[in-house]
Amino acid sequence: VTETRLNWSQQLMVMLYEELSEDPMGHVRAILNYVGLEEDPERMRCLDKSSTGRVKGKQRDHDPFTVQEKILMSSAIDDVKFAARLRGVQLPDYVSTLDLNMTKTATQIT
């Protein structure tokens, strides 16, 4: 679905996670503008409040993804990168950050 959407959409807004995390408020405003929606001041205040400071919730030291899930994510990333490249957009190499750990056997994947 993602590859089809990227290939056939007339308009495309590319936003990298790294850029979004540097300026979440500015990028949310850009998204709202792009899709033609007005800002809701109360929601923007809530977003501003929740996008700074420490992350709440239990912090986990383990990797929550299985090898099979990582393979699926890697495939989806490849699809998006290919479709973006067709539009002249170069994306970072996110696959290397997945730590696929492909030493597991095929029986552990299924």
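Trainee: In which helix of the protein chain is confidence lowest, and in which is it highest?

Mentor: Helix 6 (residues 106-109) is lowest, at a mean of 44. Helix 3 is highest, at 92. The score is pLDDT, the predictor's confidence in each residue, from 0 to 100. This is a predicted model: local features need pLDDT of at least 70, side-chain atom pairs count only at pLDDT 80 or more, and totals for chains, interfaces and linings use all residues. Residues are numbered from 1 along each chain as its sequence is written, and side-chain values use heavy atoms, with hydrogens and water left out.

Trainee: What are the average pLDDT and the share of residues that score at least 70?

Mentor: The protein chain averages 76, and 71% of the residues reach at least 70. Over residues 102-110, pLDDT stays under 50. The model has seven contacts beyond four places in sequence for that stretch. A contact means heavy atoms within 4.5 Å. Where pLDDT is low, the predicted coordinates should not be read in detail.

Trainee: What makes up the secondary structure of the protein chain?

Mentor: Six helices and zero strands. Along the sequence the pattern reads α-α-α-α-α-α. These are DSSP runs numbered from the N terminus: helices are H or I with at least four residues, strands are E with at least two.

Trainee: Why is His27 called buried?

Mentor: Its relative accessible area is 18%. Buried means under 20%, exposed means over 50%, and partly exposed is in between (1.4 Å probe, protein chains only). At 18%, His27 is under the 20% cut-off, so it counts as buried. His27 is found in helix 3. Leaving aside neighbours within four places in sequence, His27 is in contact with Met15, Glu19 and Leu20.

Trainee: What share of the 110 residues counts as buried?

Mentor: 15% of them.

Trainee: Why is helix 4 said to lie largely in the open?

Mentor: Of its ten residues, the number buried is one, so helix 4 lies largely in the open.

Trainee: How do you know that Glu39 and Arg29 form a salt bridge?

Mentor: Their closest N and O atoms are 2.9 Å apart. Glu39 lies in the loop between helix 3 and helix 4 and Arg29 in helix 3, so the pair ties together parts ten residues apart in sequence. The rule asks for a side-chain nitrogen of Lys or Arg within 4 Å of a carboxyl oxygen of Asp or Glu. At 2.9 Å, the Glu39 and Arg29 pair meets that rule. Side chains of opposite charge can pair when their charged atoms come close. Glu39 has 40% relative accessibility and is partly exposed. Arg29 has 37% and is partly exposed too.

Trainee: How many salt bridges does the rule give?

Mentor: Three. Another one joins Glu42 and Arg45, with closest N and O atoms 2.8 Å apart. Both lie in helix 4, three residues apart, about one turn of the helix. Glu42 and Arg45 are exposed.

Trainee: What makes Arg43 and Asp40 a salt bridge?

Mentor: Their closest N and O atoms are 4.0 Å apart. That value is at the limit and still counts as within 4 Å. Arg43 is exposed at 66% relative accessibility, while Asp40 is partly exposed at 35%.

Trainee: Which residues form the nonpolar patch on the surface?

Mentor: Met13, Ile31, Tyr34, Val35 and Leu37, with about 420 Å² of accessible area together. Patch members have over 30% relative accessible area and no salt bridge; like charges are joined within 9 Å, nonpolar side chains (Val, Leu, Ile, Met, Phe, Trp, Tyr) within 5 Å. Leu37 has 54%, over the 30% needed. Leu37 is found in the loop between helix 3 (24-35) and helix 4 (41-50).

Trainee: Where is Ser51?

Mentor: In the loop between helix 4 and helix 5 (67-86). At 31% relative accessibility, Ser51 is partly exposed. Ser51 and Pro24 are 27 residues apart in sequence and 7.1 Å apart in space, C-alpha to C-alpha. From Asp23, 28 residues away along the chain, the C-alpha separation is 9.4 Å.

How values were computed:
Accessible areas come from the Shrake-Rupley method with a 1.4 Å probe; for residues, only the protein chains shown count as cover.
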